[in-house]
Amino acid sequence: MKTIDLRSDTVTHPTPSMWEAMLKAQLGDDVYEEDPTVNALQEKAAAMMGKEAGLFVPSGTMGNLIAILTHCGRGDEAIMGTLAHTFLYEAGGISALGGVHPFTVPNQDDGTLKLEDIRSAIRGDDVHHPVTRLVVLENTQNRCGGVPISAEYTRQVAEIAHQKGVLLHLDGARIFNAAAALNTPVLDLAAPADSITFCLSKGLCAPVGSVLCGRSEFIHRARRIRKQLGGGMRQAGILAAAGLVALDENTERLSEDHRHARALAQGLAGISVLRLKNEVPPSNMVFVYIDEKVTLGDQEIQSRLKSKGVLVSIFGPRLLRLVTHYWIDDAAVENTLAAFREVLA
Ligand SMILES: *Cc1c(COP(=O)(O)O)cnc(C)c1O
């Protein structure tokens with residue numbers, strides 16, 4: 001039985017052309033900035049994001065951490081959503097390692113933060129207050145259901161921040177999904193941000209890595225923080241080679257994953273004890289609530305699905321998350337729906 005792994009798009013393995021590129025990659029020592037494949041990836045990523053420079057990092061978490069520690073000093077404040085990955089899922093790294101103070105404002109259902117909330121969160125010059133340095137937005141917004149955030153909204157947030165001398169960091173872990181979902185060039189989504197992190201290791205299928213992009217002077221400082229955190233890698237070109245293939249081959253196909261998410265949602269909607277968070281999933285994530293009248297617990301449902309070869313995540317009480325990706329095809333969608341029908345019959 002072939003496992004259908006819908007827990008996340010991070011479970012994607014490299015594609016055949018990635019294996020080939022990794023085997024042939026030209027390598028050097030990237031801490032000396034001498035790995036030609038890493039350098040090529042960083043240049044390509046920066047060009048795609050419309051930024052001056054890029055920095056290859058081991059994970060999206062480290063990319064966000066480096067960005068926030070580069071923008072903010074100890075005691076400085078970064079504004080972010082209550083449902084932001086940087087707030088919920090990065091182990092408090094910005095506080096633990098950088099002494100950065102998060103100021104959270106509520107995410108709306110569409111993934112955005114109210115402009116008014118951002119405006120009033122930015123502190124005035126007062127010795128009682130921390131200094132506001134940064135706003136962090138997330139695109140697509142994972143916890144809100146993989147919702148894409150528009151270029152126009154991002155521009156408005158940047159304008160509010162910049163007027164007060166505050167910078168904007170974009171956690172663009174799935175920025176290419178956002179671009180596909182909105183049918184907007186990724187350049188436009190990234191343009192308002194002073195820095196952006198995106199993941200190669202999710203829907204783009206590379207085994208490891210993210211890229212942080214921004215101005216050259218910012219990336220220069222970020223490189224030292226990457227070293228401090230132990231993220232300076234040596235012959236990292238072996239990983240960057242897969243990243244280059246990810247950018248060359250896998251960004252345009254993401255709408256296929258979104259189509260599979262919509263098909264999954266449509267099928268799940270036909271099961272009476274299930275209710276979707278978004279009837280039409282906006283990108284590659286399906287969030288589904290289980291009715292209270294189902295006597296099986298969440299873990300029990302998860303393990304019964306697993307026994308039928310279907311892996312899903314529990315994302316809250318009576319809430320499951322299913323994420324489509326490169327290795328989920330039409331047959332996998334059908335088999336998943338069949339498993340749900342049997343388990344919840
Ligand atoms: C996955 C993810 C990250 C980074 O995760 P890593 O697993 O560390 O690569 C950051 N932000 C969002 C929104 C994510 O979904």
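How far does a polar side-chain atom of Asp171 lie from a nitrogen atom of the ligand? The distance is 2.6 Å. This is a predicted model, in which local features need pLDDT of at least 70, side-chain atom pairs count only at pLDDT 80 or more, and totals for chains, interfaces and linings use all residues. Residues are numbered from 1 along each chain as its sequence is written, and side-chain values use heavy atoms, with hydrogens and water left out.

Lys202 has a polar side-chain atom 2.9 Å from an oxygen atom of the ligand, and an N or O atom in the side chain of Asn142 is 3.2 Å from a ligand oxygen atom. On its own the ligand has 380 Å² of accessible area, and the protein covers 85% of that. Such areas come from the Shrake-Rupley method with a 1.4 Å probe; for residues, only the protein chains shown count as cover.

The shell around the ligand has 13 residues, and Gly60, Thr61, Asp171, Arg174 and Lys202 come nearest. A residue is near a molecule or strand if one of its heavy atoms lies within 4 Å of it. By class, the shell has two nonpolar, six polar and five charged residues. Here Ala, Val, Leu, Ile, Met, Phe, Trp, Tyr, Cys and Pro count as nonpolar, Asp, Glu, Lys and Arg as charged, and the others, Gly among them, as polar. Helix α3, residues 60-71, gives the most to this shell, with three residues.

Next comes the chain as a whole. The protein chain has 14 helices and 13 strands; helices (H or I, at least four residues) and strands (E, at least two) are DSSP runs, numbered from the N terminus. Along its principal axes the C-alpha trace spans about 60 × 55 × 35 Å. The radius of gyration of the protein chain is 20 Å, which agrees with the value near 20 Å for a compact globule of 345 residues. That radius is taken over C-alpha atoms, and the globule rule is 2.2 Å times the number of residues to the power 0.38. Of the 345 residues, 56% count as buried. Buried means under 20% relative accessible area, exposed over 50%, and partly exposed in between, with a 1.4 Å probe and protein chains only.

Aromatic rings are the next topic. Rings of Phe, Tyr and Trp (its six-membered ring) pair if their centres lie within 6.5 Å; planes under 30 degrees apart count as stacked, over 60 as edge-to-face and the rest as tilted. The count by this rule is four aromatic pairs. One of them joins Tyr89 and Phe315, a tilted pair with 6.4 Å centre to centre and 50° between the planes. This pair links distant parts of the chain: Tyr89 is in the loop between α4 (85-88) and α5 (93-98), Phe315 is in strand β12 (residues 313-316), and the two are 226 residues apart. Tyr89 counts as partly exposed because its relative accessibility is 37%, whereas Phe315 is buried at 16%. Another pair, Tyr326 and Trp327, is edge-to-face, with 4.8 Å centre to centre and 65° between the planes. Ring pairs also link Tyr89, Phe287 and Phe315 into a cluster.

The loop between β5 (132-138) and α7 (151-163) holds Gln141. Gln141 is buried, at 1% relative accessibility, and its side chain reaches the backbone nitrogen of Arg143 at 2.9 Å. Thr140 is found in the loop between β5 and α7 as well, and the peptide bond from Asn139 to Thr140 is cis, with omega near -5°.

Glu33, with phi near 60°, is in the loop between α1 (16-24) and α2 (36-49). Asn183, with phi of about 55°, is in the loop between α8 (175-182) and α9 (186-190). Glu33 is partly exposed at 44%, while Asn183 counts as exposed at 72%.

How values were computed. Polar contact = N/O pair within 3.5 Å; in protein donor to acceptor, adjacent residues only side chain to side chain.
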